[in-house]
Amino acid sequence: MNTQPIIALDFSSKKEVFAFLTQFNEPLFVKVGMELYLQEGPSIIKEIKAMGHAIFLDLKLHDIPNTVKSAMRGLAKLGVDLINVHAAGGSRMMTAALEGLEEGTVAGQRRPALIAVTQLTSTTEEQMQQEQNIMTSLDASVINYAILAKNAGLDGVVCSVLEAHDIEKACGKAFLKVTPGIRLVGGEAHDQKRVATPNFAKEQGATQIVVGRAIVQAENPVVAYHTVEQLWGGNQ
Ligand SMILES: O=c1ccn([C@@H]2O[C@H](COP(=O)(O)O)[C@@H](O)[C@H]2O)c(=O)[nH]1
């Protein structure tokens, strides 16, 4: 799997995406999330792919197994590199997602890697316990979801940097640990609660980092991207 920093294209229109991407003269690894996909639809994926960029389609599917399987069957045809579901949907739903992806992947193409969101990086332990009524530590809940995802045959998880080391111990080095909540030293956390720097992500065994506002809202996004890239340095 590509280890370039994944840039979160949290924009609501094609126009903003292209204005952002044309500042770069190199192939990137970008993330298309709900905001952009729901505004622009599947054509945005085709257009970004045509520009030569790798894509993480971050739709975080969470529904009954049959619905998720059918949705994944269709999404597989877009030919993205990485895609996800919520682990809270359960192991049957995760297995169904994988089956849908396998069925939908065009012959001769590689199946998108499938990962599961554990606990969102905007969630604190207190919030998880009070609102989700999960009475363990946040770390234990994330590890539980990671093991569930691994046993369902998934390729990895979305977690924060703070859990990456323990997931590596439980699920192995090759299991993807895709970590949002990345900030440069002194950067504003915004709505994120479990944040870390790119260099700490590397130390903790994250396999990919996802960076949105620290790059997209920087005065010079290209400089910010290369700063992040240098601190991160890849992990494989
Ligand atoms: O647990 C999660 C899962 C997904 N995300 C997504 O990553 C980016 C992070 O953006 P920043 O601006 O760097 O905070 C965003 O698109 C989220 O939807 C996450 O943050 N946490």
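Analyst: A residue is called buried if 20 or more other C-beta atoms lie within 10 Å of its own, exposed if 12 or fewer, and partly exposed in between; these C-beta atoms are placed from the backbone. This is a predicted model, in which local features need pLDDT of at least 70 and side-chain atom pairs count only at pLDDT 80 or more, while totals for chains, interfaces and linings use all residues. Residues are numbered from 1 along each chain as its sequence is written.

The part to look at is strand β8. Helices (H or I, at least four residues) and strands (E, at least two) are DSSP runs, numbered from the N terminus. β8 covers residues 208-211. Q208 and V210 point one way from this strand, and I209 and V211 point the other way. All four are buried. In a regular strand, side chains alternate between the two faces of the sheet.

Now its partners. Two strands pair if DSSP finds at least two bridges between them. Strand β1 (residues 6-8) runs parallel to β8, joined by 2 bridges. Here I6 stands opposite V210. Strand β7 (residues 176-179) also pairs with β8 in the parallel sense, again over 2 bridges. There V178 has Q208 as its bridge partner.

β8 also reaches the ligand. A residue is near a molecule if its C-beta atom, placed from the backbone, lies within 6 Å of it. By this rule 17 residues surround the ligand, and the closest are A8, T121, P180, G212 and R213. β8 and helix α10 (213-216) each supply at least two residues of this shell. The shell divides into 9 nonpolar, 6 polar and 2 charged residues. Nonpolar here covers Ala, Val, Leu, Ile, Met, Phe, Trp, Tyr, Cys and Pro; charged covers Asp, Glu, Lys and Arg; the others, Gly among them, count as polar.

Next, step across to β7. L176 lies in this strand. L176 counts as buried because it has 22 C-beta neighbours inside 10 Å. Two residues are in contact if their C-beta atoms, placed from the backbone, lie within 7 Å. Not counting residues up to four places away in sequence, L176 touches M1, A113, I115, D155, G156, V157, T207 and Q208. L154 is 22 residues from L176 along the chain, and their C-alpha atoms are separated by 9.2 Å.

A nonpolar core is a set of buried Ala, Val, Leu, Ile, Met, Phe, Trp, Tyr and Cys residues joined through C-beta atoms within 7 Å. The largest has 67 residues, of which M94, A97, I115, A116 and V157 touch the most other members. Leaving aside neighbours within four places in sequence, A116 is in contact with N84, V85, H86, A87, M94, Y145, A149, L154 and V157.

I167 is buried because 29 C-beta neighbours lie inside 10 Å. With residues up to four places away left out, I167 touches I143, A146, V157, C159, F175 and K177. L138 is 29 residues from I167 in sequence and 13 Å away in space, C-alpha to C-alpha.

UniProt places the feature "active site" (unreviewed entry) at D58, K60 and D63. UniProt positions follow the numbering used here, feature names are shortened, and annotations may be inferred rather than shown by experiment. K60 sits in strand β3 (residues 54-61). K60 is partly exposed, with 17 other C-beta atoms within 10 Å. Beyond four places in sequence, K60 is in contact with N84, V85, H86 and V117. D63 falls in the loop between β3 and α4 (65-76). D63 is partly exposed too, with 16 other C-beta atoms within 10 Å.

Two loop residues close the tour. Most residues other than glycine have a negative phi. H190, in the loop between β7 and α9 (198-203), has a positive phi near 55°. H190 is partly exposed, with 13 other C-beta atoms within 10 Å. N133, in the loop between α6 (125-131) and α7 (138-151), has a positive phi near 60°. N133 is exposed, with 7 other C-beta atoms within 10 Å.
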